[in-house]
Every structure is written in structure tokens, then in C-alpha cells.
Amino acid sequence: VFQVGPKKEVAECKEKFANSVDPTVSQAFMLDRVFNPEGKSLPPMRGFKYSSWSPLGCDANGRCLLAALTMDNRLTIHANLNRLQWVHLVDLTEVYGERLYEASYRLSKVETPRAELGDFAEFQRRHSMQTPVRMEWSGICTTQQVKHNNECRDVGSVLLAVLFENGNIAVWQFQLPFLGKESITSCNTIESGISSPSVLSWWEYEHNNRKMSGLIVGSAFGPVKILPVNLKAVKGYFTLRQPVVLWQEMDQLPVQSIKCIPLYHPYQKCSCSLVVAARGPYVFWCLLLISKAGLNVHNSHVTGLHSLPIVSMTADKQNGTVYTCSSDGKVRQLIPIFTDVALKFEHQLIKLSEVFGSVRTHGIAVSPCGAYLAVITTEGMTNGLHPVNKNYQVQFVTLKTFEEAAAQLLESSVQNLFRQVDLTDLVRWKILKDKHIPQFLQEALDKKIESCGSTYFWRFKLFLLRILYQSMQKAPSEVMWRPSHEDAKILISDSPGMGSTEDDQDEGTSKQASKQNPCDTGKAMDVDDTADDSLPQSGDMGGREPMEEKLLEIQAQIEAVEMHLTREHMKRVLGEVYLHTWITENTSIPTRGVCDFLMSDEGYEDRTARVLIGHILKKMNKQTFPEHCSLCKEILPFTDRKQAVCSNGHIWLRCFLTYQSCQSLVYRRCLLHDSIARHPTPEDPEWIKRLLQGPCTFCDSPVF
């Protein structure tokens with residue numbers, strides 16, 4: 001896997017070490033899977049040792065990147081560029097090995113040359129300096145890039161710190177969006193000075209609008225320290241002057257996990273940083289606070305939590321709550337409580353055996369907004385006996401009530417439904433179960449809409465109405481996706497229901513699929529298409545059942561909210577057109593059609609829209625610039641926000657981000673299949689490309 005020298009020389013050295021008469025060399029070589037990844041009689045090294053998710057907004061779609069460390073010590077980065085399709089972007093192990101080979105395996109030019117590869121100690125050193133132990137992503141930071149005309153522009157970047165077996169840390173800097181090897185900006189190697197490193201975490205602290213950063217490294221022998229990370233050309237970035245030792249005792253308690261939580265100190269009236277580390281069965285904590293006197297460090301241990309070593313730890317960064325678990329199925333919840341000087345922890349036990357029965361736990365993770373705790377479990381002991389086979393399962397424990405989730409969504413500073421999907425899932429299940437929207441939530445949401453009018457609350461309202469509509473629909477009597485083995489042939493002319501064939505079946509399939517997979521939080525909002533034509537038609541208005549009338553009423557509300565969101569986005573698009581066009585300039589956006597569509601409804605009274613449309617029409621100088629059908633060259637009128645139909649009946653879907661007709665066979669779709677969007681083209685100006693980078697206007701989901 002690793003590049004430690006010329007292939008021929010490496011093969012000769014391996015043969016030499018394997019057949020060495022010195023058992024300390026031959027046995028150390030044969031038993032080390034880093035030197036011998038194939039292992040011969042040993043089982044193959046398949047699977048993953050560790051993985052780490054980047055923050056949102058790092059790939060081409062504005063989502064997360066995944067750094068994966070395999071069992072054979074290969075570090076790679078992957079991205080989910082298309083729906084359900086992962087793409088390998090770069091092999092960092094290979095790139096780092098090439099850099100070391102070019103530098104003759106020296107970290108600096110002043111370093112004295114080492115021994116030859118034939119020396120077993122040198123052979124071990126070259127491997128240990130490339131063997132990753134852990135890797136962690138930093139938050140997104142801003143760097144300054146100099147253009148050809150000497151102008152500076154801000155470019156987003158993200159850092160990936162990789163901890164190696166010899167204690168060195170490689171800090172990779174990637175330009176965003178990350179596309180592959182060409183997006184690597186730099187790679188700097190830091191010597192930590194820690195022997196037998198076991199875990200790594202970023203320390204990110206904000207003080208007086210100045211962001212500070214560093215790397216927290218833990219050792220298998222016990223010590224924990226923060227290392228400064230010096231980076232050039234990073235806007236508003238500061239680091240420590242020298243390393244800070246948080247725990248220096250070599251007490252042989254290995255550091256298993258480290259989390260850094262930003263908090264606000266209510267007594268000191270300033271921000272602070274809480275570092276927690278799992279060391280054996282204990283939790284080590286350290287409170288870092290910057291004052292006029294400098295950096296204040298308070299640390300201690302929380303004991304009496306577990307009788308076995310902690311195998312996993314996670315933290316809710318919104319309220320600072322820490323969760324730990326041991327292999328005996330016990331989870332502890334630690335809540336930090338500030339005192340005048342430092343803090344203390346209140347902890348309570350969560351017995352998984354009361355929920356899942358006798359289980360062994362292997363790992364835990366808390367969802368981004370703290371709604372769920374995910375637990376990896378296997379069967380525990382039954383009648384004093386261990387199970388013959390291990391069946392790994394991911395179990396979910398709710399940590400918030402429906403009322404808490406709804407309140408957090410209403411007061412959210414994020415204002416993005418996609419980034420709070422764990423909270424919306426709790427709300428979704430409450431409505432699906434009760435078949436109505438709670439009165440307090442409806443009233444609170446209406447007040448928010450009246451007071452501020454943010455489109456986020458309109459999208460939240462649309463989400464609630466769609467779930468309510470879904471909860472009232474009747475499930476089909478049979479599973480539509482299951483193939484039928486009955487050979488039933490019916491003449492089309494004799495079929496009793498000619499009007500509802502494939503569409504109704506597809507519709508029933510999507511409804512049933514959402515019932516079969518309750519854990520899929522996204523499917524709850526995927527009722528845009530079913531809301532249009534899922535109701536049976538009846539000629540007698542008075543003969544409709546009350547449920548059908550209720551469904552029609554909800555459907556009308558859904559259409560009204562969708563229309564409001566569409567108009568608001570149309571105003572934004574027209575604003576971009578006005579700011580970035582000259583007089584009588586033809587853009588690919590159907591500006592006149594959008595203006596006419598906005599003004600076609602006499603009941604729509606929006607003075608801002610009317611003033612904006614007046615300025616745009618004056619700038620267009622009586623020009624219309626209509627779209628034309630690419631098949632017959634006829635004019636495409638703007639009569640529908642979803643599609644364009646020419647006089648010859650050719651139908652083209654409209655992009656929901658720019659309202660252009662997508663006259664190609666390839667286009668993008670929102671993650672929940674709400675809407676479609678076209679791909680940007682090279683001739684598009686920058687402002688249109690920015691519009692095409694936006695999320696779905698109905699559900700905040702990214703577009704693929």
C-alpha cells in the first residue's frame with residue numbers, strides 16, 4: 001500500500017527480512033499486517049477502520065465529503081455526487097507517499113539523511129510515518145486567492161488533519177467545492193511529539209469575533225495536548241503560540257475518543273470551549289477560557305460512570321450534552337452545569353436493556369440536532385450464554401419529545417429544513433400517528449408567518465400540510481410493487497377503469513413505499529406529485545365523503561403555499577435579472593413571461609413586486625425575448641410554473657430555480673423529487689450559475 005522506495009528494492013528488502021535469521025526481525029516483519037497486508041494464511045483485511053464526515057457544503061452539491069480509512073491503511077475521500085452513487089475522488093495515501101518519496105522521506109531539508117531501506121529500523125520508520133491512525137475535518141474557513149489582475153477574492157476551504165502512527169500530523173487544505181486531486185491546495189506536516197497516538201480532534205474556539213484553532217491529540221498511554229496549527233492566507237484565522245498540555249500523566253489509560261464543544265459561560269459572560277475525552281471507564285474534561293490574563297485551563301475526571309471501559313462517546317454540540325457507552329449495554333448522559341469558576345456534570349443512566357432487551361453496544365452517535373441517539377448493538381447473553389452468531393443492528397432512541405422538536409424548529413437560526421431533518425422526522429411521525437396538526441403548532445407557525453414572513457416558515461407549513469395529506473390517504477389493499485403470478489388478461493376496451501391505469505398504480509406504489517420504510521425521513525415530503533391527481537373524481541359534489549372533502553381542502557392549502565413560495569422565488573429571480581442586465585439585453589431567463597405570470601392574478605397585491613416589474617419592463621424597452629421550442633421553433637408561452645407547452649404540443653419541464661425550459665434530456669432533481677432544475681452551461685453568466693446552485697424552494701433539499 002505504502003510507497004517506501006523503488007518497487008524492486010522494496011521486494012528485495014521484504015524477502016531479506018522474511019528470511020532473516022534474527023527472530024526479532026523475521027517475526028516482527030511476518031506478524032505486522034502493515035508490512036504484510038496480504039497476510040498469506042491470515043484472514044484478508046477487508047472493511048473500514050475509521051470514517052469521518054466533513055461539514056456541509058464541501059462537495060459540488062453542497063453536501064458532505066466522506067474520508068474513509070480501510071483496514072489495509074488506505075485513506076480515500078468519497079463524494080455522493082449523484083443520488084445513491086458514491087464516487088472515489090482521491091487517494092490521499094498515494095499522494096502523501098509521492099510527496100515523501102520526492103522529499104527522500106525527510107520532513108525538512110535541514111534534516112540529516114537517514115539509513116538505507118535495507119535497515120529494518122528505517123523500513124519501519126518509513127511505514128509508520130505513512131500509517132494513518134485517525135483523520136478529522138475542520139470547519140469551513142475562508143482563504144484569499146489572488147486573481148490575474150491582482151484582485152483578491154474569498155474562496156472557501158476546509159482542512160483535513162491526518163494522525164499517523166509515528167505521531168506526525170498531516171494537515172491537508174482543500175479548495176471548495178472539492179472535485180479531486182486538483183482541489184488540493186497544500187499539505188503541511190506537524191510533529192506532535194506524542195508517542196503511540198490514538199485519537200485526534202479539532203479545537204475550534206471563537207473569542208471576540210476571532211476564530212482560533214488547533215489540534216487535540218490523545219495518546220494510548222494517557223497524555224492529551226493541543227497543538228497549534230499555523231496556516232497562511234486564511235482570513236480571520238488565529239492559533240496558539242505554543243502547545244498546551246491538558247493532561248500529562250502517563251497513567252496507561254488510553255484516550256479512546258475526544259470531543260470539543262463550544263459553549264457560552266453564563267457567569268464569565270463569554271464563550272468557552274469544553275474538551276471531553278474518554279479514558280478507560282472515566283471521562284476527562286477540560287474547560288478552556290480566554291481572559292485578559294490569558295488562557296485559563298480547568299480540568300478533572302468524571303468517575304463512577306461505567307464498570308467497563310468506554311467504547312464510544314458522542315456529544316450534542318447545541319446544548320453540550322455528552323453521551324458515553326460501554327460494551328455492557330449501558331449509556332450515560334452527562335449534562336454540563338456551570339459554576340462560578342468551572343463546571344460540574346450531572347449524569348443519568350440510560351438502560352438499553354429496558355428498550356431492546358439484552359444487548360452489547362459497540363458505538364453511539366447523536367443526530368445533528370440532538371433528536372435521535374443511534375446505537376450499534378448485537379445480541380447479549382441469554383441464560384448465561386453468548387450468542388453463536390453476531391447480528392449487528394443500528395437502533396434509534398428518541399432524545400426529544402415532539403413539543404421540543406417543534407419548538408426548536410420554530411426558533412431555529414439555521415432556517416433550513418434539510419439541515420434539521422432529524423427534528424422534522426419527529427414532527428412527521430406525530431402527525432402521521434395522530435392524523436392532525438396540533439393546534440399549538442399551527443397557531444405558533446401562523447404567528448411566525450405574520451410577524452416576519454420568512455419563506456422558511458412557509459416551507460415548514462408546506463411540510464406539515466403534505467404530511468397531513470399523506471396521513472389521511474388510504475393505503476392500498478395489496479402491495480403494489482409485489483409481482484402477481486396470476487395470468488389475468490383483459491381487453492383494454494372491456495377494462496372497467498380506463499382512466500386510471502399506470503399513473504394510479506405508480507402513485508399507489510410511492511405511497512406504499514413510504515409506509516414500508518418509516519425511517520426514511522425524506523419520503524415524508526415527497527408528495528408533490530401525488531397531491532395533484534391522487535383523489536378519485538366524483539361527479540356528484542354532494543355525494544363526496546367527508547374524508548375526500550378534507551383531502552381536497554388540504555390539497556388547496558398545499559397549492560396556495562406552493563404558489564406563495566413560487567412567487568417569492570420569482571421576485572428573487574427578477575431582482576437578479578434587474579441587477580445584472582443592461583437595457584434591452586436578452587437573457588436566457590423568460591423575464592417577460594415571469595412578469596406576466598406574477599401580474600396575472602388580480603388578487604395578488606404586492607407593491608414590491610409591482611415596482612420591480614415596472615423597472616424591469618422599462619429596462620426591457622418593449623422587448624419580449626420569448627423562449628422557442630427547440631423541435632419546431634414555435635414560441636413557448638409562460639403559462640405554467642412547472643412546464644412549457646408550444647402550439648404543436650411539445651412539452652418541456654421548467655427549471656424551478658430560473659424558470660427556463662429544460663430543453664435537454666439531462667436535468668437535475670431535488671433530493672425529495674419536488675422539482676427539477678437544469679444543468680449550468682459554460683455560456684451562463686456567473687449570476688445565473690449562482691441561482692442554479694440554490695436548494696429546492698419547497699423543501700430546502702439539494703439538487704442532483
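The largest nonpolar core of this predicted model has 68 residues. A nonpolar core here is a set of buried Ala, Val, Leu, Ile, Met, Phe, Trp, Tyr and Cys residues joined through side-chain atoms within 4.5 Å. Buried means under 20% relative accessible area, with a 1.4 Å probe and protein chains only. Val 427, Leu 441, Phe 460, Leu 464 and Leu 574 have the most contacts inside this core. Helix 9 (residues 455-472) gives the most to it, with twelve residues. Helices are DSSP runs of H or I with at least four residues, strands are runs of E with at least two, and both are numbered from the N terminus.

Take Phe 460. Leaving aside residues up to four places away in sequence, Phe 460 touches Leu 409, Leu 410, Leu 417, Leu 441 and Leu 445. Contact means heavy atoms within 4.5 Å. Another core, of 41 residues, lies apart from the largest one. Val 199, Ile 258, Cys 260 and Ile 261 are among its members.

Four strands form an open sheet in the order 1-2-3-4, with antiparallel pairing. Two strands pair if DSSP finds at least two bridges between them. Strand 1 (48-53) and strand 4 (85-91) are the edges, and each pairs on one side only. From one strand to the next, the twist averages 30 degrees. Strand 1 and strand 2 (residues 65-70) share five antiparallel bridges. Phe 48 stands opposite Thr 70 in strand 2.

Helix 3 (residues 92-102) lies across strand 3 (75-82) and strand 4. Its angle to strand 4 is about 10 degrees. Axes are lines fitted to C-alpha atoms, for helices over the stretch in contact, and angles run from 0 to 180 degrees between N-to-C directions.

Residues are numbered from 1 along each chain as its sequence is written, and side-chain values use heavy atoms, without hydrogens and water. In this predicted model, local features need pLDDT of at least 70 and side-chain atom pairs count only at pLDDT 80 or more, while totals for chains, interfaces and linings use all residues.

How values were computed. Buried means under 20% relative accessible area, exposed over 50%, partly exposed in between (1.4 Å probe, protein chains only).
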